[in-house]
Amino acid sequence: MDARLPLAEVARGVMRKVFPDHWSFLLGELALYSFVVLLLTGVYLALFFDPSMREAPYQGSYEPLRGVLMSQAYRSTLDISFDVRGGLLIRQIHHWAAVVFLAAIGAHMLRVFFTGAFRRPREVNWVIGVTLFMLALLEGFAGYSLPDDLLSGTGLRIAQGVMLSVPVVGTYLSFFAFGGEFPGEDIVSRLYPVHILLVPGLLLGLVTVHILLVFHLKHTHWAGPGRTARNAVGLPFFPQYLAKSGGLFMAVFGVLAALSAVAQINPIWVYGPYRTDLVSDGSQPDWYIGFLEGALRLMPGVETRLWGHTIAWNALVTAVLMPGLLFTVLYAYPFFERWITGASGERHLCDRPRDRPVRTGLGAAALSWYAVLLLAGAQDILAFVFALPLPELTWTLRVAFFAVPVAVFWLTRRLCLALQSHERGLLAEGEETGLVAQSAEGGFHPQHEPLPPGERYAMLARDLPRPLEYDGDPTRSFPRRLLDRTRSAISGWYYRDGVPYPTTPGQRRKIAATLAGPDRPQPPDET
């Protein structure tokens with residue numbers, strides 16, 4: 001085998017690859033193993049599912065629905081749930097794994113964002129991660145729509161309304177997707193290959209590339225004694241990390257199986273088959289689509305008629321333009337931060353969120369914005385449960401949509417600066433021992449002791465960019481000067497706030513040596 005394939009060289013490099021040992025780095029693996037569970041259970045379900053919308057009376061084992069006219073897609077899902085051995089358990093594992101898959105991708109992306117792990121040379125991997133998240137949303141919606149029950153049919157009805165809101169081509173998009181007027185007879189059979197073949201293939205390919213880039217670029221890690229931008233400290237892939245990662249896979253599969261055995265999810269027999277004249281009471285999509293539902297509910301119904309066309313701004317803005325803007329910002333952010341930073345070197349050490357107050361504030365504001373939309377997606381249920389008037393609740397959420405992110409950004413930024421001020425006091429005076437000394441004058445003074453070297457090292461090893469200054473070169477064109485002035489203003493807003501830590505010249509040299517990456521010169525040793 002070694003003579004025919006380069007197995008020895010590849011295996012040697014892979015087996016000794018070092019992975020940092022920190023719990024936050026397992027979030028990506030949690031998403032990976034949820035995806036593996038989805039593939040395994042999806043293959044089993046595909047053996048029994050019939051993606052046909054041909055209708056016939058139900059004659060299966062679930063008596064409350066006997067004689068009810070339903071599509072073959074809904075009937076086969078009932079058969080999987082009640083007649084196929086282990087079918088309901090596998091269905092529920094599949095659905096719970098999808099929920100965990102999206103949640104793990106989101107948590108992993110937040111970890112990468114807040115620690116700055118998207119910076120050079122990992123911009124491409126960030127772009128791949130955002131694409132994976134977008135495809136996972138599409139995959140979840142497609143799978144959620146396949147059973148053709150009343151809840152999923154309501155979601156498809158909303159999706160058709162979104163398609164119709166696209167100017168000029170909306171009608172053509174709807175007719176193409178549904179095979180005619182809604183509900184048509186083709187949407188399930190067209191979503192089926194998308195769900196089991198097209199999107200899973202893209203996900204599998206991008207996940208493979210994503211993992212290969214992690215191996216090639218080396219993993220980011222936290223600053224600490226012996227951990228610098230030039231090395232990687234952790235566990236070798238084989239045998240230590242492989243055993244740990246394998247244990248995580250078993251735990252993920254076990255927890256999903258146990259959860260699916262005791263926690264019901266998507267009981268389609270309760271909803272019944274889809275009918276265009278019915279809507280389920282309290283219809284709610286899965287959580288990852290909930291923010292779009294909330295945006296649709298908050299946006300006022302506004303229409304514009306131009307040149308014989310009607311533009312429905314409610315659906316167009318909230319379900320087309322807003323998600324497009326969201327993913328555009330996610331794709332562009334690494335390159336935007338690099339532009340306002342002016343740094344070109346590689347970054348292999350994780351930032352502590354408190355050391356980047358503006359970035360952390362923006363991330364927290366985005367999370368609060370999402371939370372407001374998620375609550376808005378359940379406004380009818382909230383109004384019913386808490387006996388609140390629906391119009392007042394809607395207007396409250398509309399105000400919160402704009403006010404809450406601003407407040408959360410300000411509060412998070414101030415909290416980060418307060419944590420820095422607290423650390424400055426610890427570095428200057430040490431931490432309290434709990435003992436109090438009485439002076440000769442009768443005063444009482446708390447006693448302090450120096451911080452442990454590891455904690456002091458982690459606090460001081462901060463890569464803090466300086467704001468870019470505007471040079472005001474008059475030889476440049478006016479658009480270029482305007483762009484440079486804008487860049488300088490944004491950079492100043494991003495990086496002007498920070499609390500300086502007390503350091504000695506020797507500590508500053510050590511910090512510079514820790515932060516110096518493989519593409520940046522290491523400062524001379526002046527000891």
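How many bridges join strand β7 to strand β8, and do the two strands run parallel or antiparallel? In this predicted model, 5 bridges join β7 (residues 431-438) to β8 (residues 444-449), and the two strands run antiparallel. Together the strands form a hairpin in which 5 residues lie between them, and within the turn Gly 442 adopts a positive phi of about 100 degrees. Of the 8 residues of β7, the number buried is 0, so this strand lies largely in the open.

A helix pair was examined next. Helix α6 (residues 150-165) packs with helix α7 (residues 170-178) at an angle of about 145 degrees, the axes of the two helices being 7 Å apart. On the α6 side the contact is made by Leu 156, Gln 160, Met 163 and Leu 164, which meet Gly 170, Thr 171, Leu 173, Ser 174, Ala 177 and Phe 178 of α7. Classified by residue type, this contact of α6 with α7 comprises 6 nonpolar and 4 polar residues, with no charged residues.

The loop between α9 (237-262) and α10 (268-271) contains Asn 266. Because its relative accessible area is 10%, which falls under the 20% cut-off, Asn 266 counts as buried. When neighbours within four places in sequence are left aside, Asn 266 is in contact with Arg 91, His 95, Leu 151 and Tyr 271.

Terms used: Residues numbered from 1 in each chain as written. Predicted model: local features only at pLDDT ≥ 70, side-chain atom pairs only at ≥ 80, totals over all residues. Heavy atoms only, no water. Axes fitted to C-alpha atoms, helices over the stretch in contact; angles between N-to-C directions. Helix = DSSP H or I, 4+ residues; strand = E, 2+ residues; numbered from the N terminus. Contact = heavy atoms within 4.5 Å. Nonpolar A, V, L, I, M, F, W, Y, C, P; charged D, E, K, R; others polar. Buried < 20%, exposed > 50% of the residue type's maximum accessible area, 1.4 Å probe, protein only. Pairing = 2+ DSSP bridges.
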